[in-house]
Amino acid sequence: MAYNFFAFMDRMKYIKRWQLMRSVREENIMEHSQQVAMFTHALAVINNKVFGGNADAEKAVLYAVYHECGEVMTGDLPTPVKYFNDFIRGAYKNIEDKACDKLLSTLPEEIRDDFETNVKPDAESIEYKLMKAADRLAAYVKCLEELRCGNNEFKKAKKSIEKDLHARNLREVEYFFEKFIPSYELTLDELDGIV
């Protein structure tokens with residue numbers, strides 16, 4: 001018997017983000033998930049090495065890898081719609097949960113548990129909180145990229161996301177902002193030290 005899980009996962013590259021916004025460069029949830037995984041790893045390392053925490057970096061990264069997988073069945077609902085009110089937020093969360101259950105059912109039963117812990121993570125864990133912050137950092141970096149290209153469509157989103165990130169009161173996020181975000185304003189020549 002053939003199982004469809006990874007064929008579904010491969011379809012992440014077809015799900016576009018920022019559907020309501022005009023983008024200079026389109027982004028899909030597969031590439032977004034890879035960036036979130038990198039940022040999540042960074043935040044977990046910062047948690048452990050800089051602030052003496054005990055985040056499980058591998059678990060956090062796996063949460064990031066799979067954090068958008070339900071969208072292969074639901075599509076990417078735009079943020080203003082998803083969070084319009086508590087009723088819609090709750091209803092969409094329910095739909096996402098059902099999509100994740102359906103997706104997990106496309107795995108052989110003997111390995112399903114190992115994926116379920118990543119597809120449906122512990123939302124109270126530090127690893128999940130770091131992954132959610134990394135998800136927002138990726139959105140913030142997308143705003144910086146679009147603004148750098150002269151696309152003011154992302155001006156309000158940048159402000160809103162930055163406010164949300166700082167409101168999380170995570171030292172790891174503040175460290176990332178201080179040490180890494182300024183580089184996103186540089187050109188390739190400036191990054192390379194040529195200029």
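**View 1. Helix H3 (residues 57-66) and helix H7 (residues 109-119) cross at roughly 85 degrees, and their axes come within 8 Å.** Axes here are lines fitted to C-alpha atoms over the stretch in contact, and angles run from 0 to 180 degrees between N-to-C directions. Helices are DSSP runs (H or I, at least four residues), numbered from the N terminus. So H3 is roughly perpendicular to H7 (that label covers 65 to 115 degrees). Leu 62, Tyr 63 and Tyr 66 of H3 touch Phe 115, Thr 117, Asn 118 and Val 119 of H7, where contact means heavy atoms within 4.5 Å.

This is a predicted model: local features need pLDDT of at least 70, side-chain atom pairs count only at pLDDT 80 or more, and totals for chains, interfaces and linings use all residues. Residues are numbered from 1 along each chain as its sequence is written, and side-chain values use heavy atoms, leaving out hydrogens and water.

**View 2. Helix H2 (residues 29-50) packs against helix H10 (residues 171-179) at about 110 degrees, with axes 9 Å apart.** That makes this pair roughly perpendicular too. On the H2 side you'll find Phe 39, Ala 42, Leu 43, Ile 46, Asn 47 and Val 50, which meet Glu 172, Val 173, Tyr 175 and Phe 176 of H10.

**View 3. Looking for disulfides (cysteine sulfur pairs within 2.5 Å) across the whole structure turns up zero.** The sulfur of Cys 100 has its closest cysteine sulfur in Cys 69, but 4.7 Å is too far for a bond. Cys 143 isn't in a disulfide either: the nearest cysteine sulfur, in Cys 149, is 12 Å away. Cys 143 is buried, at 0% relative accessible area (buried means under 20%, exposed over 50%, partly exposed in between, using a 1.4 Å probe and protein chains only).

Note on methods
Helix = DSSP H or I, 4+ residues; strand = E, 2+ residues; numbered from the N terminus. Parallel < 35°, antiparallel > 145°, perpendicular 65-115°, else oblique.
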